[in-house]
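Please look over the structure shown here. The report below walks through selected helix and strand contacts.

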Amino acid sequence: MIRPEPPAYLADADPASGPATPVRPWSSRARAALDAALGLVPSALAAVPQADPRAGGWEVLDADWTSTGTAVVRLGPPGGQPVALLRISPSGAARLPHETRVLHELAAAKLPAPIAAALPRRLAAGTVSGSAYAVDALVPGVPADTLETDAEAWAAVSGTTVGLLTSLHQATATRIVCDDDQLHAWVDAPLDVLAQGAARWHLLAPTSRIAALRERLRAALRGVVVEAGWVHGDLWSGNLLVDPSTRAVTGVVDWDLAASPDLPLLDVLHLLLHHRRAVSGQETGQVVADVVRGRASWDAHERALLDRSRWCLPDGGPADEDLVLLAWLRHVAAISLQQRRYVAHSVRAWELRNVHRVLRIV
């Protein structure tokens with residue numbers, strides 16, 4: 001039997017490759033990497049005028065090198081305000097093209113107006129000198145992570161966000177039954193990534209724990225009826241843009257971990273878990289372990305958002321704890337693959353705190 005391909009969000013790295021050399025955003029190597037990326041801007045801009053004729057007069061207004069190995073360049077008319085965002089990444093050879101395909105599919109879908117307006121508009125994408133690039137019209141707003149410590153503001157933002165994403169989920173949903181192919185995509189493929197990571201670092205490899213989690217999640221999901229569709233895959237405050245005066249959500253960005261068909265409830269769980277991490281200062285692994293072991297419960301607002309999102313499991317589906325583990329698994333598998341291309345901190349420390357801490361309590 002031919003084994004199914006892994007989901008696209010896990011198709012970015014050579015499983016046999018080791019971690020890349022760290023390139024911290026403030027280092028001289030990062031400055032050199034940013035300078036090299038800026039040298040590619042004219043070639044990338046040459047592809048834009050067909051989508052936006054104004055691009056012929058754009059120039060670099062400012063640029064940063066991120067901890068994820070990406071140059072982020074703001075473009076606009078000389079002396080003016082930014083109107084477009086260019087990302088160039090030598091490590092994004094699969095992720096940026098995948099995001100382009102996702103945005104094109106979503107742009108062609110008949111989505112409700114509010115979520116359609118919140119999506120980035122891709123002007124151009126491609127590869128130049130071995131680096132992937134993408135140019136988007138600038139989405140207005142500021143990142144919502146500045147609001148996470150304001151309980152009232154965050155309640156409004158998170159409620160609006162779940163509403164926006166629910167409209168996407170429902171517009172693209174199809175009823176499916178979790179069969180072996182679906183179990184491979186949602187359980188086996190990401191667990192295989194974690195198993196490769198454990199072997200790569202020669203840690204006290206939790207082989208039996210990975211097997212136990214595989215059995216637990218497959219048993220929880222097998223035969224379950226699901227309304228599955230497009231999910232964002234990395235829904236957290238940093239990927240939400242808000243109007244700084246009204247706090248209205250103006251954009252949902254960074255769709256490189258999006259997938260379909262996937263479970264809509266995972267977007268909501270990712271948003272809630274990351275918020276807990278942000279306000280508590282704990283690692284994701286500790287947050288997840290506390291929830292799964294019953295040491296932390298959902299507050300009334302979180303519970304309402306989760307209940308509002310369980311429409312995707314018409315027959316009830318798995319317990320909350322299993323769904324939290326599934327959301328965690330998707331997240332850490334994607335991060336583990338990312339860190340094989342770039343490393344901004346110790347991979348071993350990250351895996352101990354965020355992967356092994358959860359596997360130990362399964």
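## Helix 8 against helix 10

Helix 8 passes helix 10 in a left-handed crossing. This is a predicted model. Two packed helices are described by the angle between their axes and the distance between the axes. Here the axes of helix 8 (residues 265–280) and helix 10 (residues 300–309) come within 9 Å. They cross at roughly 165°. That angle makes helix 8 roughly antiparallel to helix 10, because angles over 145 degrees count as roughly antiparallel.

Which residues in helix 8 and helix 10 meet? Helix 8 brings Leu265, Val268, Leu269, Leu272 and Arg276. Helix 10 answers with Glu302, Leu305, Leu306 and Ser309. The residues of this contact divide into 6 nonpolar, 1 polar and 2 charged.

## Strand 3 and its partners

Strand 3 covers residues 84–89. Of its 6 residues, 5 are buried, so strand 3 is largely enclosed by the rest of the structure. Strand 3 pairs with strand 2 and runs antiparallel to it, joined by 5 bridges. In this pairing, Val73 stands opposite Leu86 of strand 3.

Strand 3 also pairs with strand 5 (residues 131–137). The sense is again antiparallel, over 6 bridges. Arg87 stands opposite Ala134 in strand 5.

## Thr70 in its loop

Thr70 sits in the loop between strand 1 (59–65) and strand 2 (71–76). Is Thr70 buried or exposed? Thr70 has a relative accessible area of 12%. Buried means under 20%, so Thr70 counts as buried.

Beyond residues up to four places away in sequence, Thr70 touches Asp64, Trp65, Arg87, Ile88 and Ser89. Arg87 is also the residue that stands opposite Ala134 in strand 5.

An open sheet of 3 strands has the order 6-9-10. Its pairing is antiparallel. The edge strands are strand 6 (142–143) and strand 10 (249–252). Each of these edge strands pairs on one side only. In a regular strand the side chains alternate between the two faces of the sheet.

Strand 9 (residues 240–242) pairs with strand 10 in the antiparallel sense over 3 bridges. How are Val242 and strand 10 linked, and which residue is the bridge partner? The partner of Val242 is Val249.

## Helix 5 over the sheet

Helix 5 (residues 151–172) lies across strand 9 and strand 10. Helix 5 runs at about 55° to strand 10.

Definitions and conventions
Residues are numbered from 1 along each chain as its sequence is written. This is a predicted model: local features need pLDDT of at least 70, side-chain atom pairs count only at pLDDT 80 or more; totals for chains, interfaces and linings use all residues. Side-chain values use heavy atoms; hydrogens and water are left out. Two strands pair if DSSP finds at least two bridges between them. Helices (H or I, at least four residues) and strands (E, at least two) are DSSP runs, numbered from the N terminus. Contact means heavy atoms within 4.5 Å. Axes are lines fitted to C-alpha atoms, for helices over the stretch in contact, and angles run from 0 to 180 degrees between N-to-C directions. Buried means under 20% relative accessible area, exposed over 50%, partly exposed in between (1.4 Å probe, protein chains only). Angles under 35 degrees count as roughly parallel, over 145 as roughly antiparallel, 65 to 115 as roughly perpendicular and the rest as oblique. A crossing is left-handed if the near helix is turned anticlockwise from the far one by less than a right angle, and right-handed if clockwise. Ala, Val, Leu, Ile, Met, Phe, Trp, Tyr, Cys and Pro count as nonpolar, Asp, Glu, Lys and Arg as charged, and the others, Gly among them, as polar.
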